[in-house]
Amino acid sequence: MTDLPRISRQFSQRSVMEAIVQGGPISRASIAKLTGLSKQTISEIMRGLEQEGWVQETGRTSGHVGRTAVTYELVHDAAYIIAVDLGGTKVRVALTDLACQIFAEAATPTDPRGGQFVVDQIAALVFDAAAKQRVARKKIRLAVIGAPGAPDPATGRILLAPNIAGFAMMNVLDAFEKALGVAVMIENDVNLAVLGENWLGRGQGIDNLAYIALGTGVGSGLMLGGHLVRGAAHAAGEIGFMPIGADAFAEESLRTGAFERAVATHAMTDRYHALTGRQVSVPAIFENAARGDKDALAVLDETARHLAQGVAAIAAIANPEKIILGGSIGLRPEMLSRVKALLPLCFPYPVTVEASELGARAALIGAAAIGLGQLHNTLFGVDAPDGRISLPPAQAAALKEAAI
């Protein structure tokens, strides 16, 4: 019983912060209407939030009869979140504020040595970006790392991530927390991408949504009923291991899945090499196809055929309203047009497939989103299983590129 006043105040504070996040700048009177809390309670909470530097006055209401009222909003730079999108070939990092504005961003090729080298590389990128933007390290409160594979909360390892050496053998979570000096959340990168698209991309307002990322590897993120699907071992969406495309019983398929071996980067380059005897990059294959190279066109056709089968498999199992394609290969219009043409030939009802609107930044935006919700909950929420604070409306989110 002694905890009831504290819990009640936490719920009240959460309600006030929810109103500010969703409606700021906002007056105390408007907060009272939205929350049902008394003006005295709101005044006490606002006083504490102002003293601690989380909210500030922004002006006064206008345009209506009667006395004007002071309006308040979040102090956007009171705390920062590190967002990381770690891929097999490239790593992107960003710093976001409490408004989810990405204003410090950097990208570089992923250290091929993997393991601790990658952890140290990311820490160096983050602190360099913070220094350039004059962000004090003490204001950085949380990091969200998007990585390929399946994070194992029990051990801190990341499984099923063959493109990042060493992560299956080390406590990645602990290594990141030591290197960054803040609390860290690790999430599958494609899960973050589907969250990003659901918040600010082509998946807005869609509760049943799938995202397929195709590049160096292949993976998918899935939302059903408005909730992210992670699975019992956080491995939901590892479609690279679907037993289609290549020989699922080949020993190699236990490390790099049969489907990934049929559609990802190495599959395309190997296919082109088999036809021509020449080893070229995936961008070069697309360029050659644009010039009418019949072998390059054959590679695109065969890759699209396998990808269409993967899209159909997801549609058959999850029945999402929309499937979004991303990744360096999935974003190509040549791939999207082929998949759309092939789907009616292998699946009995229409499937809506679109290219990602957020492109290479989808996972970063998803990381910023999940980090913002977690940070708000930690600072202003309650000790409850679902004590999340919702994100700012999409039209209010100030996500933009930064020159660093």
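Mentor: A residue is called buried under 20% relative accessible area, exposed over 50% and partly exposed in between (1.4 Å probe, protein chains only). The model is predicted, so local features need pLDDT of at least 70 and side-chain atom pairs pLDDT 80 or more, while totals for chains, interfaces and linings use all residues. Residues are numbered from 1 along each chain as its sequence is written, and side-chain values use heavy atoms, without hydrogens and water.

The structure has 10 salt bridges (a side-chain nitrogen of Lys or Arg within 4 Å of a carboxyl oxygen of Asp or Glu). One of them joins R361 to E105, with 3.0 Å from N to O. R361 sits in the loop between strand 15 (353–355) and helix 13 (362–380), and E105 sits in strand 6 (residues 102–109), so this pair links parts 256 residues apart in sequence. (Helices, H or I with at least four residues, and strands, E with at least two, are DSSP runs numbered from the N terminus.) Both partners are buried: R361 has 14% relative accessibility and E105 has 12%.

The partner of E354 is K322, and their closest N and O atoms are 3.2 Å apart.

R332 is partly exposed, at 27% relative accessibility.
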